[in-house]
Amino acid sequence: MSDHPLMRRLSVAINARSGELLPALAGFGLFFCLFSGYFMLRPIREAMGIQGGVENLQWLFTATFVVMLIAVPLFAWLNSRVPRIHFIDWVYGFFCLNLLAFAVLFAMHSDSVWMARVFYVWISVYNLFVVSVAWSLMADVFDSPQAKRLFAFIAAGASVGGLVGPALAALLVSALGQAGLALLSGLLLGAALALKHYLMAWRERGGAGRPGAQAAESPRRPVAGNPFSGMLRVFRSRYLLGVSAFVILLATVSTFLYFEQARLVAELFPDRDEQVRVFGLIDFVVQAGALLAQVFVTGRVAQRFGVRALLTLVPALLCLGFIGLALAPTFAMLAGLMIARRIGEYAFVRPGREMLFAPLDAETKYKAKNFIDTVVYRGGDAISGWAKSLLDLLGQGAVLVALVGALCAALWGALGWYLGRKADRDEDERMPR
């Protein structure tokens with residue numbers, strides 16, 4: 001199959017070398033399944049967040065952070081007991097059961113405000129966990145040079161899923177209802193699990209566990225450490241603390257924009273169906289733009305300019321965008337900045353961030369990384385949510401928020417340059433002379 005002319009052209013297009021095309025497609029498919037299922041439910045989540053009251057969003061962010069504090073040690077405990085090759089089976093199986101339970105609740109209590117709040121918090125936890133674990137898998141399956149070449153294409157599966165998911169929701173919601181969409185999302189999560197099995201099998205033949213590759217721990221053993229070892233590893237490492245600060249600044253910039261978006265959408269589009277359409281349109285534009293960048297730009301930028309370019313370009317652009325928002329605080333400006341932020345995160349920042357973990361050990365990839373992706377990220381959300389509320393109380397409107405956002409984006413970009421430069425230097429030192 002790989003000798004077919006179309007396959008050869010596709011390999012060249014995505015920078016895949018001999019034997020890497022099928023696993024790259026499997027990684028693409030895994031993220032497609034995850035994000036199709038998630039983005040079918042995302043417009044429902046956004047509308048439910050508004051249903052619970054825009055003034056209460058910071059409480060939902062705080063509740064999400066608290067749930068993360070409880071969930072992360074439990075998942076780390078499981079990771080220390082279950083062989084790495086089976087860990088994702090347990091995680092995704094658990095969330096499949098959750099989706100089945102929500103399908104029943106949607107059918108029985110679809111208009112409940114508390115139901116909306118519970119679902120909002122749950123899906124915020126669910127999305128970070130399943131995506132974090134999926135990227136841990138990719139960092140485990142592919143070695144560092146493979147990651148630099150293939151992660152952008154693999155991440156494009158998320159963008160395609162982000163396009164297909166809202167379209168499926170719009171086409172099927174009348175026939176299936178919210179309960180049916182939850183069940184379909186569960187089926188897609190099961191398909192992602194099947195692709196995970198193929199990738200872990202290929203790892204031993206052509207990936208990070210292949211003969212001749214750098215030594216890697218056996219995936220047939222549990223990850224070393226205890227339920228809190230990921231957190232402790234982060235606190236003991238300047239590098240991982242830098243990654244954590246990078247994630248907090250990312251979350252802060254994102255939360256400021258998200259709250260402003262929710263406030264303006266609630267003011268300008270009071271009807272819930274209109275809100276869902278607005279969020280769906282923004283999602284479509286974001287995923288289309290991210291897909292084009294991931295397929296044609298990201299991998300080449302990473303190879304030519306290194307990880308530092310992926311982690312610096314977007315914060316620099318957003319710093320300028322926040323200054324523009326301070327000068328012209330309109331919904332059009334905000335929507336454009338929100339779209340640019342999300343396209344940049346999906347196409348550049350997220351692949352670059354995952355490349356930082358590819359050369360590290362399994363305990364860092366699964367436990368420390370999961371702690372950063374969930375507790376640190378949602379902690380950043382919660383803190384920045386309350387900070388945004390405090391700025392609103394000062395009565396300066398979007399201008400003050402935009403100026404603080406510009407400062408955060410500048411710090412975010414400087415830290416991205418530092419982390420990316422270190423990753424590029426470390427890879428150069430590992431390359432054979």
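Reader: What lies over the face of F357?
Author: K369 does, at 5.7 Å from the ring centre. A charge counts as over a ring if NZ of Lys or CZ of Arg is within 6 Å of the ring centre and within 35 degrees of the ring normal.

Reader: And which charged end sits over the ring of Y239?
Author: That of K422, 4.9 Å from the ring's centre.

Reader: What kind of model is this?
Author: A predicted one: local features need pLDDT of at least 70, side-chain atom pairs count only at pLDDT 80 or more, and totals for chains, interfaces and linings use all residues. Residues are numbered from 1 along each chain as its sequence is written, and side-chain values use heavy atoms, with hydrogens and water left out.

Reader: Overall fold, then. How many helices and strands does the protein chain have?
Author: 13 helices and zero strands. Both are DSSP runs numbered from the N terminus: helices are H or I with at least four residues, strands are E with at least two. Along the sequence the pattern reads α-α-α-α-α-α-α-α-α-α-α-α-α.

Reader: What percentage of the residues is buried?
Author: 59% of the 433 residues in the protein chain. Buried means under 20% relative accessible area, exposed means over 50%, and partly exposed is in between, using a 1.4 Å probe and protein chains only.

Reader: Take α8. What span does it reach?
Author: Helix α8 covers residues 238-268, 31 residues in total. From first C-alpha to last it reaches 45 Å, close to the 45 Å expected at 1.5 Å a residue. The expected span is 1.5 Å times one less than the number of residues.

Reader: How many of its residues are buried?
Author: 23 of the 31, so α8 is mostly covered. G242 lies in α8. G242 is buried, with a relative accessible area of 9%. In space G242 sits 7.3 Å from L415, C-alpha to C-alpha, though 173 residues separate them in sequence.

Reader: What about α5: what should its residues span?
Author: 42 Å for its 29 residues, and the end C-alpha atoms are 42 Å apart, which agrees. α5 is mostly covered too, with 26 of 29 residues buried.

Reader: Switching to rings. How many aromatic pairs are there?
Author: The structure holds 23. Rings of Phe, Tyr and Trp (its six-membered ring) pair if their centres lie within 6.5 Å. Planes under 30 degrees apart count as stacked, over 60 as edge-to-face, the rest as tilted.

Reader: Why does the pair of F95 and W122 count as it does?
Author: The ring centres are 6.2 Å apart and the planes are at 65°, so the pair is edge-to-face. F95 is in helix α4 (residues 84-109) and W122 in helix α5 (residues 113-141), so the pair links distant parts of the chain, 27 residues apart.

Reader: Is F95 buried or exposed?
Author: Buried, at 2% relative accessible area. W122 is buried as well, at 12%.

Reader: Which form does the pair of F95 and F129 take?
Author: A tilted one: 6.3 Å centre to centre, 40° between the planes. F95 in α4 and F129 in α5 are 34 residues apart. F129 has 0% relative accessibility, so F129 counts as buried.

Reader: Which residues do ring pairs link into a cluster?
Author: F31, F35, Y38, F39, W135, F142, F151 and W202.

Reader: Now R203. Where is its place?
Author: In helix α6. R203 is buried, at 2% relative accessible area. R203 is 63 residues from D140 in sequence and 8.1 Å from D140 in space, C-alpha to C-alpha.

Reader: Voids next. How many cavities of 30 Å³ or more?
Author: Six. On a 1 Å grid over the protein atoms alone, a cavity is a set of points where a 1.4 Å probe fits but cannot get out. Lining residues have an atom within 4 Å of a point.

Reader: What volume has the largest cavity?
Author: About 570 Å³. Volume here is the space filled by probe spheres set on the grid points, which are joined across faces, edges and corners.

Technical notes
On a 1 Å grid over the protein atoms alone, a cavity is a set of points where a 1.4 Å probe fits but cannot get out, and a pocket is an open set with protein on both sides within 12 Å along at least five of seven lines; lining residues have an atom within 4 Å of a point.
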